[in-house]
Amino acid sequence: MKQYKKSITKKQKNKPGNKQKKPANNSKITYWHKSGLLSILTRCCVSYGVTLEEVRSRTRRESVVFARQAYCYKAFWDTCQSTNNIGELINRDHSTVSHSIKTVKNYLEVDYRRFTDIYNMLLND
């Protein structure tokens, strides 16, 4: 015997028990956290000589990529924000932020002389 799904009529939709739940919008960053992330991003941009628009764009130029990666690393370790919130400011996915954090960590462990500007910027703040 087949069981059919019960369709909900308009009258039933309006009943209090049948309301569909809206998804929670937890991805919005509050003002004080966003300003902290924005200050980290601007410091990274200044130290690499790139603009905020370039960091938020899709370009893969080396200086822009290093600025993005340094921002992700610094923001992850200095704030209590999730990788989703960190990536939201630079139009990136949480997996991209995780990859950037891992990449900077590897840079600092393997060949720290090549990336002394990242190292100095991260230590001086």
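## Salt bridges

Glutamate 54 pairs with arginine 61 in a salt bridge, with the closest N and O atoms 3.1 Å apart. The term covers a side-chain nitrogen of Lys or Arg within 4 Å of a carboxyl oxygen of Asp or Glu. The model is predicted: local features need pLDDT of at least 70, side-chain atom pairs count only at pLDDT 80 or more, and totals for chains, interfaces and linings use all residues. Residues are numbered from 1 along each chain as its sequence is written, and side-chain values use heavy atoms, leaving out hydrogens and water.

Glutamate 54 is partly exposed, at 23% relative accessible area. Arginine 61 is partly exposed too, at 43%. Here buried means under 20% relative accessible area, exposed over 50%, and partly exposed in between (1.4 Å probe, protein chains only). The count comes to 2 salt bridges. Aspartate 78 and lysine 74 form a salt bridge, their closest N and O atoms 2.6 Å apart. Aspartate 78 is partly exposed at 47%, whereas lysine 74 is buried at 5%. These two residues sit 4 apart in helix H4, so about one helical turn separates them.

## Helix H4

H4 covers residues 62-78. Helices are DSSP runs (H or I, at least four residues), numbered from the N terminus. The expected span is 1.5 Å times one less than the number of residues. For the 17 residues of H4 that gives 24 Å, and the end C-alpha atoms are 24 Å apart, which agrees.

Buried residues of H4 include Val64, Phe66, Ala67, Tyr71 and Ala75. Arg68, Gln69 and Lys74 are also among them.

## Aromatic pairs

The structure holds 3 aromatic pairs. One joins phenylalanine 76 and tryptophan 77: edge-to-face, 5.2 Å centre to centre, with 85° between the planes. Rings of Phe, Tyr and Trp (its six-membered ring) pair if their centres lie within 6.5 Å; planes under 30 degrees apart are stacked, over 60 edge-to-face, the rest tilted.

Phenylalanine 76 is partly exposed at 29%. Tryptophan 77 is exposed at 54%. Ring pairs link Tyr73, Phe76 and Trp77 into a cluster.

## Largest pocket

The largest pocket holds about 160 Å³ of space. A pocket is an open set of points on a 1 Å grid over the protein atoms alone, where a 1.4 Å probe fits, with protein on both sides within 12 Å along at least five of seven lines; lining residues have an atom within 4 Å of a point.

Its lining includes Val65, Arg68, Gln69, Cys72, Ile90 and His99. H4 and helix H6 (94-110) each supply at least two lining residues.

Definitions and conventions. Points joined across faces, edges and corners; volume = space filled by probe spheres on them.
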